[in-house]
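Hello,

Here is the structure for you to look over. My notes follow below it.

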Amino acid sequence: MINGGVILKLKLSEKAIGYTILVVVVIYCIAPIFWMAVTSFKTEEEIYRTPPTVIPEEVTFDNYISVIQRSEQFPTYFKNSVIVSITTVVLTVFLASFAGYSLARIPFPGSGLILGFIILILGLPYGLYLIPLYIMFFNINILDTYMALILPYIALNLPWGVLILRANFKQIPQHIEDAARVDGCGQFRIYYSIMLPMVKPALVTAALWIFLNVWGELLLVMTLTETASMRTLSWGLLTLRDEAQAFAYGTLAPAIIISIVPVIILFLALQNYYVKGMTEGSFR
Amino acid sequence: MKGKIRDKLIGVSMTGPALLFMIILLIYPLLYSFYLSLTNYYFLEPNNINFVGLNNYIELLGDNSFRSAFLNSLLFGLIYVPVVTALSLVTALALHQLDNKLTKFFRAIMFVPVGIGLTFVALMWIWMLKSGGIVNYGLSLLNISKVQWLGSSQAIVLSTVIMTVWKFLGFNVLFFLAGLNNIPISIFESATIDGVTAFQKLRYIAIPLVKDTMAIVLINSTIVSVKVYAQVWSINRGGGLVDVLYTYMYKTSFRYFEMGKGTAIAYYMGLIVLLISFLTINKLKSD
């Protein structure tokens, strides 16, 4: 996919420069994750030893056990992150695919305007919505609940989701839809049985992105939730770090690793879907 | 005819729910924000609200804390945007020219940081950049003296650049790869045959021909710069040394509860984004 597989005959010096750059960049990209992973398996003593060891002399799972079993808050944070993220993803993709389809295929008055709005909203920092949302939620008493997070997350991710899905629906050749109509399919049936399966990669891509956006988000969590029982991993890890004596990374490291492992796995597993989507259709 | 009207109704009803969400939770708050920014709304005394016109906006311009937050964000942007754009273009070109299984694997690795939330990114980098951390240890091996990566406001801005470049590099690389793919490969082939050097390829082929992609990358990177929050917050949790626009807005609104002022800050941030996007698109159109 990179350049269509064309092998260029490059000078040796060019190749050397190129590979050097790439290796440096790759090391840059892996180093923090690698180092945090290594730290998470070290004993407390070895973590703080100077000179630091790159490969642990003694591998221990204690830190992980401590974080999973003995910590009161970490499992709660994890659970909350999972609930909020998955709910948001499911609902957003659901709503966005409906809207994306109708905006792509069913011309109705106002659809252009709606599209314009959506594009306008995209670049704005979401801090603009933060204060009114806080006031609104405070007034109807839903602050510090799952809804306080899920509802805004859906709204924040919808614009992008709608645009991506609309772009993908638009790429489906008109004649497929026409053929279905001739066969007597109603609009909804066309959507459900024909169109939707054809944009599966886009659905997966959108779901992945939304999940990642929500999983790592901090600002809304900090603002719209108040008690530790409702908070998610991002804020939770900061708290864990500060509460532990002097930033004790012994317990924090496995917490961080556990927080990012789902992300990394999803990312690598679903590569095929989003790489194609990102570099081909989606930015017209 | 009836079928058509029915179709249009279905269209509206399919868009409806999404639209409703966005109207209630985005458009309405946006307008409400604007209104609040023209008042002296203090959350703890909500009934004591007065209309003050553009006062908040004017006061902010003279507010030292706002200025320093703005300058920190500006400093960040001035370093981050060129660095990440240049680095990702060069990396993308290297990947493009050396296309093979190995570089595909590299590309996949580079993209992983993109998925990791900025808070986690910050925590990982803080661990590496701390006084006694591995980065300083590595520097000491090279006989370079320790750097207080998190010790001064400039250092924090620099460290934040390092973290943010780390996260978004792969993302921009993919953009540039898409742009490079649009260049007919024959141009590169002839260049190679003619003995053009790598640097010349970069300067005379890649840069001019990926203008559109560069616009996207620049605008995105500017938005990222304005949105810097989690990185800085993870370092000092609003404790002082460095504020950027977002953290200052948060503190104003949710620690001091001066929400009139806070919304004005948010609007300033939105204006900056709109302005830069507009300027970037214009400049690249005319080049």
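A salt bridge here is a side-chain nitrogen of Lys or Arg within 4 Å of a carboxyl oxygen of Asp or Glu. Between chain B and chain A the count is 1 salt bridge. Arg237(B) forms it with Asp242(A), and their closest N and O atoms are 2.6 Å apart. Helix 1 (residues 2-37) of chain B supplies the largest share of the side that touches chain A, 22 residues. Helices are DSSP runs (H or I, at least four residues), numbered from the N terminus.

This is a predicted model: local features need pLDDT of at least 70, side-chain atom pairs count only at pLDDT 80 or more, and totals for chains, interfaces and linings use all residues. Residues are numbered from 1 along each chain as its sequence is written, chains are lettered from A in the order in which they are written, and side-chain values use heavy atoms, without hydrogens and water.

Now the interface as a whole. In contact (heavy atoms within 4.5 Å) are 102 residues of chain B and 105 residues of chain A. The two chains bury about 9300 Å² between them, 80% of it on carbon and sulfur atoms. That area is the accessible area (1.4 Å probe) that two parts lose on being put together, summed over both. In chain B, Met14(B), Phe120(B) and Trp127(B) lose the most area to chain A, together 9% of what that side buries.

Last, helix 2 (residues 55-62) of chain B. Asn56(B), Tyr57(B) and Leu60(B) are buried there (under 20% relative accessible area, 1.4 Å probe, protein chains only; exposed is over 50%). The buried residues fall within an arc of 100° seen down the helix axis, so they line one face of helix 2. The arc is taken from the directions from the axis to the C-beta atoms. Ile58(B) and Gly62(B) are exposed, on the face turned away from the buried side.

Best wishes

Notes: Helices (H or I, at least four residues) and strands (E, at least two) are DSSP runs, numbered from the N terminus.
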